[in-house]
Amino acid sequence: MPYTFNTPADVAAMLQAIGATSVEQLFQQVPEAFRMTRPLQIGPALGELELTQHLARLSSLNAHAGQRVCFLGGGCYDHFIPAAVDALASRGEFYTSYTPYQPEVSQGNLQAIFEYQSMICQLTGMDVSNASLYDGGTATVEAVLMSIAALDRRRKVIVCHTVHPEFRQVIETYLENFETEVVTIPHDGGTTDLSQLATAVDDQTACVVLQHPNFFGCLEQAAAIAEIAHRKGALLVQVFDPTSLGILKNPRQLGADIAVAEGQCLGNPMAYGGPYLGILAARDEFIRRMPGRIAGQTVGAGGQRCWVLTLQTREQHIRRDKATSNICTNQGLFALRSSIYLALMGPSGMRQLGELCVRKANYAASRLCAKSRLERAFDVPFFKEFVVRDGDDKVARLLEQGEDAGFFAGIELERWYPDLHDCFLVAVTEKRTRAEIDALADVLVGTLRNTETVHA
Amino acid sequence: MRNRLATNLLSELSKPGRQGVRLPNPDVFADESLSDLIPREQLADAPPPLPELSEPDVVRHYTNLSTLNMSVDTHFYPLGSCTMKYNPKRNERIAALPAVAELHPYQSERTLQGLLALLYEVQEILAEISGLPAVSLQPAAGAHGEFTALLTAAAYFRDKGQPRTKVLSPDSAHGTNPASAMMAGFEAVTIRSTANGQVDLEHLKSELDERIAVFMITNPNTLGMFDRQMGEIAKLVHGAGGLIYLDGANMNAILGIARPGDFGADMMHFNPHKTFSGPHGGGGPGAGPICVTPALGPYLPSPIVARDGERYRLDYDRPKSIGRVRSFFGNTGVLVRAYCYIRTHGPEGLKRVSEQAVLNANYLLNRVKHILPVPQGDRCMHEFVASAAALKKEKGISAMDIAKRLLDFGFHAPTVYFPLTVPEALMIEPTETESKETLDAFAEALFRITEESAEALHDAPTSTLIRRPNEVQAARHPIVKWTKPD
Amino acid sequence: MKPEDLLFMETHEWVRIDSQGGAKVGTVGISAFAVEQLTDLVFMELPKIGTKVKAGDEFGEVESVKAVSPLYSPITGEVTEVNLALPNHLEILNSDPYGQGWIAKLKVTDESSIGKLMDYATYQKQCAS
């Protein structure tokens, strides 16, 4: 019991003050029949040293992105995290505090949220941002729910097939018990088929959900898609990549009404899927329909500028079953990390980041898909990811060989797109060097050559 | 120490030309124009107008901001229902190991055997503590766990051909309960509580018809009382064909003492960020793993971690699953911390956690009840709810006044005005990681506050940098981001 | 406008009935008592023009910092006009709840709904109890 204080003497004194004879007596309100009569069957207690050694043993059975060269993406990326992000976010005053219910002793967190909201608006061009949601997938479905609520009675949600497959699954799971139709629009050569989209959008459509750059890394005709949605009075929900906004037009310029993203890429570790943060920003008119916490500026009794949680009547603790969402927490610590990251990067850092991703990804595509059975599946401009087709349709084997040679080479697409059974997705961040890209190409292309030799 | 000159926002500190991160020059395609790679119409005219700062700017700014927070590392934080216990440093270091922090969610299973083994063990541990053997680690927070479990229940009833549409929860429940019910497509019905905070059985009975799907109960409840009618409630709800959901917010009271699965629950969530000491992070992240009965197991989200002999894998082959409630596996970082916490304590240690939490709460209750009445009586589990109603009537001192004044005494305030069923409520949860000395000092501060004049208290806190911010102005004319002055 | 000339609902809405060319028109607002109880109003969602409501239906919302109260229609009818200036000047509800603080006008479609409302004296008794 390394974290408790009470000595046997303390316990005795406390029991006496309470008027109880034993600690067990304090549990009398739990009916006898419900009490456990045996110890929990879980592993024995470990001291700090033993725990650390135990975790080191388990860890040695994993291979991580510090040991393999990581070309995996699909919504989670191996971007560089400046040391200041870790150093500041590990201050106990940040990570051991809670939701700022008492603004007088939470100005640090409140101002940090306000600055997060400000920077998300600067990044996206949108009017308002909340204090963050769980992750990209839930942010996307919350945007869909906002659209349905804003456009009363519209019962159709249109989702492009090029939106992250797991985000699409989340939308379907959330809407399963409602009479809302989810229509998926196929892609044509890697980007959304505009004519099929135009046919599907009607005056019953609450929103069109678009990802740009899309799951395949391809750039969509986002502005045209916004126009198709708006023509019928539907909203555009754009899933964006925060790291692209140093160079690409922002969601506001493209016509998005609600912009959502997975915020992992902004200074947060990959950590096998979470915790991350869901970014959600919108046009002004939707502020009272936003889920989650929002920090607002006001003045204290002495007239100083300060910050509070505001517009709380949207939330579950007041509106209960009529709340905009059931969400209670935000991802405070990860919103903080992303704020620190954005503050360190600034406009020029974000521009460099975007440029590096584009240049390196294009270089990698040219190296991988030159003179071999590998080719790019879609001939469309892309940001930091691209889809590679293996002419011999042996993706699993190829990726395994890459892994053996020290590379997380890509993600098989078959599990989500059966027609892309011969394809995999490759992501290239600013961290990947020419030498690493060349080595990957050598391994994959070289592997193929070897295989071909064997066949011959 | 707080630097009182540091009051600017980042955008106000910004100066063109400063930059906190310098990335390398491109080593490939350096000479290509960007518009050769990206169509010109897709390119932004300028990068986003973020602040321009040097690294020391950013470090000083955020370090100073941090000094404006109360936190568990710095203060007693008896925020009822939030279980603000100590957050062990060893858990932070382990969660930051590259073999945890630098794992990609789409790595192959063969490169994840250590982590999958750990997550499998977390499933087993939570099953054992809850007495409910089927586990999903996917939900991202407690409220998300509630919602996921309700979707699971909906799928179960749909599969059985039973159109059940109602979810019941007591009026003392967290607001997330009815909100989750609504989001999962159910009708939310509120059940009254009796004066001593227990479920009003007569009212419950009157709502138990063929439409009942789930009764959501927090037990121990939000007053910190174990509802002794639990057996009767379970019999009634199950008799009507409904399921019982246990809101696990208060599990810190019963670890190794009683298992929800043994007292009638069919489903529950854990809050690892509370019960198992994952830090609260200024409002998140948490996690909301759920445990259910074997009958409900097939409907849980996918994937779950499965074991074949010595190998661990992700099981997606679950045709009845509701699907996904979030992207990727789950809040792994939070689950790893929870695992470290649980393994640090072991079976006896976890039980001792609950015993000490309950001892501390009862001791504090008995110190406080002479100052502020505790309507629920002399005993509690891990927390209790005092009422300032009488004090307000006699002296004009409200729960809010007390909360604000406590800040001057160096204590974080309890949860106030919740549960809604107690007037002028102060919900106090000391947790097991506080000493008798701290509890005594807190009770002493409460006593001194109630001796002060109401007038003086309305001005509290007086020692903080700001006091009583104008929430009306903030809500009437929302300013939710920095804008460049004209 | 004097409250004595108005009819009241249990949920604190008031209505004034006028005749306009044969049709009856109800002007709806909330009482001074309600405004005081709600304290510091911050937001109002006006009823939507064209909405057909029955007496007792929820047709709008008013919010303080930490509470939301639905607005109920005291009569059965169709919303024809709303006080667009009000949400941006909620302080009017404190100064003139029965005049400039009106919220919506409805064309009455079922006059029997009027008969169920209270006069001011009865309403005051309800508030006092």
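This is a predicted model: local features need pLDDT of at least 70, side-chain atom pairs count only at pLDDT 80 or more; totals for chains, interfaces and linings use all residues.
Colleague: How many bridges pair S2(C) with S3(C)?

Modeller: Two strands pair if DSSP finds at least two bridges between them. S2(C) covers residues 13-20 and S3(C) covers residues 23-30. They pair in the antiparallel sense, and the number of bridges is eight.

Colleague: Which residue takes a positive phi in the hairpin of S2(C) and S3(C)?

Modeller: Two residues lie between these strands. The positive phi is near 55°, and the residue is C:Gly21.

Colleague: Which residue in S2(C) stands opposite C:Phe8?

Modeller: S1(C), residues 7-8, runs antiparallel to S2(C), and two bridges join them. Four residues separate these strands in their hairpin, and C:His12 in the turn has a positive phi of about 80°. Opposite C:Phe8 stands C:Trp14.

Colleague: How many residues of chain C are in contact with chain B?

Modeller: Contact needs C-beta atoms, placed from the backbone, within 7 Å. Chain B brings four residues to this meeting. By class, that side of chain B has two nonpolar, no polar and two charged residues. From chain C the number is four.

Colleague: Which element gives the largest share of the side of chain B that touches chain A?

Modeller: This contact takes 169 residues from chain B and 167 from chain A. The side of chain B has 93 nonpolar, 50 polar and 26 charged residues. Here Ala, Val, Leu, Ile, Met, Phe, Trp, Tyr, Cys and Pro count as nonpolar, Asp, Glu, Lys and Arg as charged, and the others, Gly among them, as polar. The largest share is 21 residues, and it comes from H12(B).

Colleague: At what angle do the axes of H6(B) and H12(B) cross?

Modeller: Axes are lines fitted to C-alpha atoms, for helices over the stretch in contact, and angles run from 0 to 180 degrees between N-to-C directions. H6(B) is residues 113-130 and H12(B) is residues 332-368. Their axes come within 10 Å and cross at roughly 65°.

Colleague: What is the bridge partner of B:Ala386 in S12(B)?

Modeller: S12(B), residues 425-428, pairs with S10(B) over four bridges. The partner of B:Ala386 is B:Leu426.

Colleague: How many residues of H6(A) are buried?

Modeller: A residue is buried if 20 or more other C-beta atoms, placed from the backbone, lie within 10 Å of its own, exposed if 12 or fewer, and partly exposed in between. H6(A), residues 136-150, reaches 21 Å from first C-alpha to last, close to the 21 Å expected; that expected span is 1.5 Å times one less than the number of residues. The helix is mostly covered, with a buried count of 13 of its 15 residues.

Colleague: Is A:Arg320 buried or exposed?

Modeller: A:Arg320 lies in the loop between H11 (316-319) and H12 (332-368) of chain A. Its phi is near 45°, positive although the residue is not glycine. With 24 other C-beta atoms within 10 Å, A:Arg320 is buried.

Colleague: How many other C-beta atoms lie within 10 Å of B:Phe29?

Modeller: B:Phe29 sits in the loop between H1 (10-13) and H2 (34-37) of chain B. Phi is positive here too, about 45°. B:Phe29 is partly exposed, because the count is 19.

Colleague: What is omega for the peptide bond from B:Gly284 to B:Pro285?

Modeller: B:Pro285 lies in the loop between H11 (272-275) and S7 (290-292) of chain B. The bond is cis, with omega near 5°.

Note on methods
Residues are numbered from 1 along each chain as its sequence is written. Chains are lettered from A and ligands numbered from 1 in the order in which they are written. Two residues are in contact if their C-beta atoms, placed from the backbone, lie within 7 Å.
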